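The chain is shown first.

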Amino acid sequence: MAGQVGEEMSNLVVAVDLGGTQLRTALYDARYQMLARHAGPTDAQQGVEAVVDRLVEAVHRIGAEAGWDQIAAVGVSAPGPLDPRRGVIHWAPNLPGWRDVPLAGRLRSAVGRPVFLGNDGNLAALAEQRQGAGQGQSDLVYLTVSTGIGGGVISEGRLILGRGGLGGEVGHMTIEANGPRCNCGNIGCLEALASGTAIARQAQELIAGGTQTLIADLAGGDRDRISARLVYEAAIQGDEVAVDLFRKAGSYLGIGIINLMYLFNPGMIVIGGGVSKSGDLLFGPMQATIRQRIHPIYWSHCSIVRAALGDDVCLLGAAILALESVGALPTAGDF
């Protein structure tokens, strides 16, 4: 429990963060205060129906803590691509079998409240801009560098969603025309070159080719155990192969950020996700690449900062989406 739920409260919303491994729910008031929070496994391998049933049960349970007469709406953060206006998840790589699932409609029918769906990267951007590292910034780009790379773009205070709500997929810019194939089906995406998964894959390929590195020792000779975290541990012990892997990832990330600077001229770039915790190993080459390749007029007026909100950023983003969509807060955009 993150706070006390009282009967005097109004304009409460339920926030949901639907992830590939964790299903989180929380109760928020209009001051962005988290009043209650629950988490459990998604068990995505059980299929669409089982996950939807579990989600409905979780929303009912946390909403009942305040009393459903106090709940104005439900906001859901989910992986994309998705259509936030129709409330449909087109597909989600970490949710097997999810194809064109009308999640918002199904949840609305089950709980009897308005339900608003948003892409997790977009909602994280919204949360960081409203309550995190980007407060006061009207033009901001958010990136999360983790297992994959996602994010969102805010221009003049509004999320850029695009015609079908599919905008802001910053991780799928083509960075290298003949690069590795990405899980999205494209070739040479930023995600395929600079994510945690990409760093681990590149380490596995080097070791398979006979490269001598501390990474192999830390993995106990089992290449399947190699992760970005393991590569980081080797790097901070001075392993040159590991350091070089982060240098390459940072450089690719810098190229991606250059593209975003040219396109949107943001006042701030906010970077979150587990891989960003590697610090200067990633940020050093990223910053160097940006300064080498783009005109100073772009980077001299754009700060690059670490995200501030931690693991619950998507829950807060989902709450803000719900509150703004029912008019409890100033609008974030046309959802």
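## Aromatic pairs

Tyr 232 and Phe 246 are both buried, where buried means under 20% relative accessible area, exposed over 50% and partly exposed in between, with a 1.4 Å probe and protein chains only. Their ring centres are 6.4 Å apart and the planes meet at 75°, so the pair is edge-to-face. Rings of Phe, Tyr and Trp (its six-membered ring) pair if their centres lie within 6.5 Å; planes under 30 degrees apart are stacked, over 60 edge-to-face, and the rest tilted. Tyr 232 belongs to helix H7 (residues 228-236) and Phe 246 to helix H8 (residues 240-264), so the pair ties together parts 14 residues apart in sequence. Helices (H or I, at least four residues) and strands (E, at least two) are DSSP runs numbered from the N terminus.

The count is 2 aromatic pairs. Tyr 262 and Tyr 298 also pair edge-to-face, at 4.8 Å centre to centre and 70° between the planes. This pair links Tyr 262 in helix H8 with Tyr 298 in helix H10 (residues 296-299), 36 residues apart. Tyr 262 is partly exposed at 44% relative accessible area, and Tyr 298 is partly exposed at 24%.

## Basis of the values

This is a predicted model, in which local features need pLDDT of at least 70, side-chain atom pairs count only at pLDDT 80 or more, and totals for chains, interfaces and linings use all residues. Residues are numbered from 1 along each chain as its sequence is written, and side-chain values use heavy atoms, leaving out hydrogens and water.

## Charges over rings

The charged end of Arg 291 sits over the ring of Trp 299, 4.0 Å from the ring centre. For Arg 306 over the ring of Phe 283, the distance is 4.3 Å. The criterion is NZ of Lys or CZ of Arg within 6 Å of the ring centre and within 35 degrees of the ring normal.

## Packing of H3 and H11

Helix H3 (residues 120-131) packs on helix H11 (residues 313-325) at about 85°, with the axes 7 Å apart. Axes are lines fitted to C-alpha atoms, for helices over the stretch in contact, and angles between N-to-C directions run from 0 to 180 degrees. H3 and H11 are therefore roughly perpendicular (65 to 115 degrees; under 35 is roughly parallel, over 145 roughly antiparallel, the rest oblique).

Residues in contact (heavy atoms within 4.5 Å) include Leu 123 and Leu 126 in H3, and Leu 316 and Ile 320 in H11.

## Gln 33

Gln 33 lies in the loop between strand S2 (22-28) and strand S3 (34-41) and is partly exposed at 43% relative accessibility.
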